[in-house]
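Good morning, everyone. Please have the sequence and the model open while I talk.

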Amino acid sequence: MKTVGNQVKNYYELTKPKIWYLLVFTALGAAVSAAWLFDVQVSLMTWILLFVAIAAGSAAADTLTGYNDRDIDAIMERTKGRPIPSGRISPRNALIFGLVLAGISLVCSWFINIWAFGLMAFGLFDNIIVYSKWLKRTSQSNIILGGFSGGAPALIGYIAVTFQHVEIGFAMAGLVFFWIPTHIWSLALHVKEDYKKANVPMLPVVSSESKSVRIIALTTLMMVVFSILPFFFNQFGLIYLLTATVFGIVMIFLSIWLLLKPSEKTSWLVFKFSSPYLAALFIAFMVDAFFH
């Protein structure tokens, strides 16, 4: 018998919270940084609208991509226990739930400002249609074009507070964009056989292992170099620079280790460290802005 508690847990799992937690954090981190940098008083209502918009939007994207991917999720060992392929939630109910979440996110974004609404609509379209529906099964560049949606929450968080020095908001969004290939491709290398079984053309499936680790190392280097850029906007100081440098060195070390000794264990380490890396940079943004 399906209890209410079990169903709530199933729908919560359907949203892939481990993914949207980090996206919400980047949005709030960008908003807090902007508020402290430029001494902007942000109303409680704006904070609530921002949190609900990003949480609902990210959860909607994860739910609807799960709906799109229900057939391949049923094939892969890593994903076959998810709520839709395991039969805990019907595809129809998942679709309705995802569309309701998307609607909530768009309404909340509209009440923030028109730019937040436009970015939210763009992010949802990019993730659900461009990435999941179109490119994921047809192109190895799927996560590159699909990565724009990953940067949208940070930019929405920034412009919810201010448009002053908006290039900082774009840099924060760009940091997430550059982070996504390293994060996803290192995971894909770890579960390459799963993607191969489902016929999903992720980089490690369509390219050799040696080429894949070279590309991961290159994208990691690009990400770390890009992470230093905000320091040169003369808004962030040594706290951010040192954090980006130290954590960047660790990321580069791990990617070189993967390059020299490719293995599932090493690719898993790169994947697992990449999330704390991104979180650390947004914490550094906030701390540096506080002492600005």
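Let's begin with one residue. Arg88 has a relative accessible area of 24%, so it counts as partly exposed. Keep in mind that this is a predicted model.

What does Arg88 pair with? Arg88 forms a salt bridge with Glu13, and their closest N and O atoms are 2.9 Å apart. The two partners sit in distant parts of the chain, 75 residues apart. Arg88 is in the loop between helix 4 (70–73) and helix 5 (91–112), while Glu13 is in helix 1 (residues 4–14). Glu13 is partly exposed as well, at 32% relative accessibility.

Why pair at all? Side chains of opposite charge can pair when their charged atoms come close.

How many salt bridges does the count give? Nine. Here are some more of them.

Asp73 and Arg82 meet through their side chains, with 3.4 Å from N to O.

Glu193 and Lys196 form another salt bridge, at 3.7 Å from N to O. Both residues lie in helix 10 (residues 192–197). They are three residues apart, which is about one turn of the helix. Lys196 is partly exposed, at 43% relative accessibility.

There is also a network of salt bridges. It links Asp69, Asp71, Lys136 and Arg137.

Now to helix packing. Find helix 2, residues 17–37. We'll look at two of its partners.

Partner one is helix 9, residues 166–190. The two axes come within 11 Å and cross at roughly 155°. An angle over 145 degrees counts as roughly antiparallel, so that is the label for helix 2 and helix 9. Their crossing is right-handed.

Which residues meet there? From helix 2 we have Leu22, Thr26, Ala30, Ser33 and Leu37. From helix 9 we have Ile168, Met172, Val176 and Trp179. Sorted by class, this contact has seven nonpolar residues, two polar ones and no charged ones.

Partner two is helix 14, residues 264–290. Its axis lies 8 Å from the axis of helix 2, and the packing angle is about 15°. Angles under 35 degrees count as roughly parallel, so helix 2 is roughly parallel to helix 14. This crossing is left-handed.

On helix 2, the residues include Phe25, Gly29, Val32 and Trp36. On helix 14, they include Ser275, Leu278, Phe282 and Met286. The classes here are 14 nonpolar, four polar and no charged residues.

Look again at Leu22 on helix 2. Leu22 is in the contact with helix 9, and Leu22 is in the contact with helix 14 too.

Last topic: backbone angles. Most residues other than glycine have a negative phi. Which residues have a positive phi here? Asp39 is one of them, at about 50°. Asp39 sits in the loop between helix 2 and helix 3 (44–68). Asp39 is exposed, at 63% relative accessibility. Asn199 is another, with a phi of about 60°. Asn199 belongs to the loop between helix 10 and helix 11 (203–206). Asn199 is exposed, with 63% relative accessibility.

That's it from me. Thank you.

How values were computed: Residues are numbered from 1 along each chain as its sequence is written. This is a predicted model: local features need pLDDT of at least 70, side-chain atom pairs count only at pLDDT 80 or more; totals for chains, interfaces and linings use all residues. Side-chain values use heavy atoms; hydrogens and water are left out. Axes are lines fitted to C-alpha atoms, for helices over the stretch in contact, and angles run from 0 to 180 degrees between N-to-C directions. Helices (H or I, at least four residues) and strands (E, at least two) are DSSP runs, numbered from the N terminus. Angles under 35 degrees count as roughly parallel, over 145 as roughly antiparallel, 65 to 115 as roughly perpendicular and the rest as oblique. A crossing is left-handed if the near helix is turned anticlockwise from the far one by less than a right angle, and right-handed if clockwise. Contact means heavy atoms within 4.5 Å. Ala, Val, Leu, Ile, Met, Phe, Trp, Tyr, Cys and Pro count as nonpolar, Asp, Glu, Lys and Arg as charged, and the others, Gly among them, as polar. A salt bridge is a side-chain nitrogen of Lys or Arg within 4 Å of a carboxyl oxygen of Asp or Glu. Buried means under 20% relative accessible area, exposed over 50%, partly exposed in between (1.4 Å probe, protein chains only).
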